[in-house]
Amino acid sequence: MSIDIANESGWEADEEAILDVARYALDKMRIHPLSELSVILVDSEAMEQLHIQWMDLPGPTDVMSFPMDELRPGKEGEELPQGLLGDIVLCPEVAKAQGAAAPSQHSMDEELQLLTVHGVLHVLGYDHEEPEEERQMFALQKRILDDWRAGRGLGGISPAPTTH
């Protein structure tokens with residue numbers, strides 16, 4: 001899996017964990033191992049501009065996803081196509097505030113890990129516009145994140161839903 005990360009935010013972030021959780025999520029979703037993903041960390045001003053431009057909503061948000069080749073999760077025994085998954089844009093400043101405000105009061109890096117999985121699911125076609133879609137997506141997001149953390153010897157957190 002080719003995953004590029006660019007931290008243009010000016011914030012220190014655990015980029016290795018972001019790469020690792022993205023790779024784990026893509027493996028769990030049976031995405032072709034030669035597919036490509038880009039993860040970009042930006043400051044709140046850049047995120048606000050993207051949020052206005054693409055969603056017509058004010059203020060910065062936590063994560064935005066820009067799917068490219070519309071790849072979908074694979075099924076067991078299925079030959080998977082490879083391609084460009086797209087871009088995930090994260091905002092550490094918003095992640096820090098959300099982590100601190102969450103009932104579990106977790107770190108910015110823990111929130112960025114959650115948002116990375118959230119972004120991966122979005123580039124794979126998952127959404128949370130409808131209540132059933134939200135239940136399905138957030139349950140899958142939690143399962144992937146908890147499994148990844150358990151494999152790293154980290155405790156799971158019960159994250160608050162993302163705000164975007």
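Q: Strand S4, residues 84-90: how many of its residues are buried?
A: Five of its seven, and that leaves S4 mostly covered. Buried means under 20% relative accessible area, exposed means over 50%, and partly exposed is in between (1.4 Å probe, protein chains only). Strands (E, at least two residues) and helices (H or I, at least four) are DSSP runs, numbered from the N terminus.

Q: Where does this model come from, and how are residues numbered?
A: This is a predicted model, in which local features need pLDDT of at least 70, side-chain atom pairs count only at pLDDT 80 or more, and totals for chains, interfaces and linings use all residues.

Q: What is the mean pLDDT of the protein chain?
A: The mean is 90, and 90% of the residues reach 70 or more. pLDDT is the predictor's confidence in each residue, from 0 to 100.

Q: Where is the pLDDT below 50?
A: Over residues 157-163. In the model, that stretch has 20 contacts beyond near neighbours in sequence. Contact means heavy atoms within 4.5 Å.

Q: Back to the strands. In what order do they form the sheet?
A: The order is S1-S2-S4-S3. These four strands make an open sheet with mixed pairing. Two strands pair if DSSP finds at least two bridges between them.

Q: Which are the edge strands?
A: S1 (2-7) and S3, each of which pairs on one side only.

Q: And how far are neighbouring strands turned against each other?
A: By 15° on average, direction ignored. Axes are lines fitted to C-alpha atoms, for helices over the stretch in contact, and angles run from 0 to 180 degrees between N-to-C directions.

Q: S2 and S4: parallel or antiparallel?
A: Parallel, with six bridges joining S2 to S4. Ile40 stands opposite Val89 in S4.

Q: S3 and S4: parallel or antiparallel?
A: Antiparallel, with five bridges. Met64 has Val89 of S4 as its bridge partner.

Q: How many bridges join S1 to S2?
A: Six, and those strands run parallel. Asn7 has Leu41 in S2 as its bridge partner.

Q: Which strands does H1 touch?
A: H1 packs on the sheet and touches S1, S2 and S4. Its direction makes about 150° with that of S1.

Q: New topic: H4. How does the span of its 16 residues compare with what they should give?
A: At 1.5 Å a residue, H4 should span 22 Å, and its end C-alpha atoms are 22 Å apart, which agrees. The expected span is 1.5 Å times one less than the number of residues.

Q: What does Thr116 contact?
A: Ile18, Val21, Ala22, Ile88 and Leu90, leaving aside neighbours within four places in sequence. Thr116 lies in H4, residues 108-123. Thr116 counts as buried, because its relative accessibility is 0%.

Q: And Gly119: buried or exposed?
A: Buried, with a relative accessible area of 0%. Not counting residues up to four places away in sequence, Gly119 touches Val63, Ser65 and Ile88. The C-alpha atoms of Gly119 and Ser65 are separated by 5.5 Å, though the two are 54 residues apart along the chain.

Q: How many aromatic pairs are there?
A: One. It is Trp54 with Phe66, edge-to-face, 5.6 Å centre to centre and 70° between the planes. Trp54 lies in helix H2 and Phe66 in strand S3, so the pair ties together parts 12 residues apart in sequence. The rule: rings of Phe, Tyr and Trp (its six-membered ring) pair if their centres lie within 6.5 Å; planes under 30 degrees apart count as stacked, over 60 as edge-to-face and the rest as tilted.

Q: Trp54: buried or exposed?
A: Exposed, with a relative accessible area of 51%. Phe66 is buried, at 18%.

Q: Last one. Where is Arg30 found?
A: In the loop between helix H1 (15-28) and strand S2 (36-41). At 37% relative accessibility, Arg30 counts as partly exposed.

Methods
Residues are numbered from 1 along each chain as its sequence is written. Side-chain values use heavy atoms; hydrogens and water are left out.
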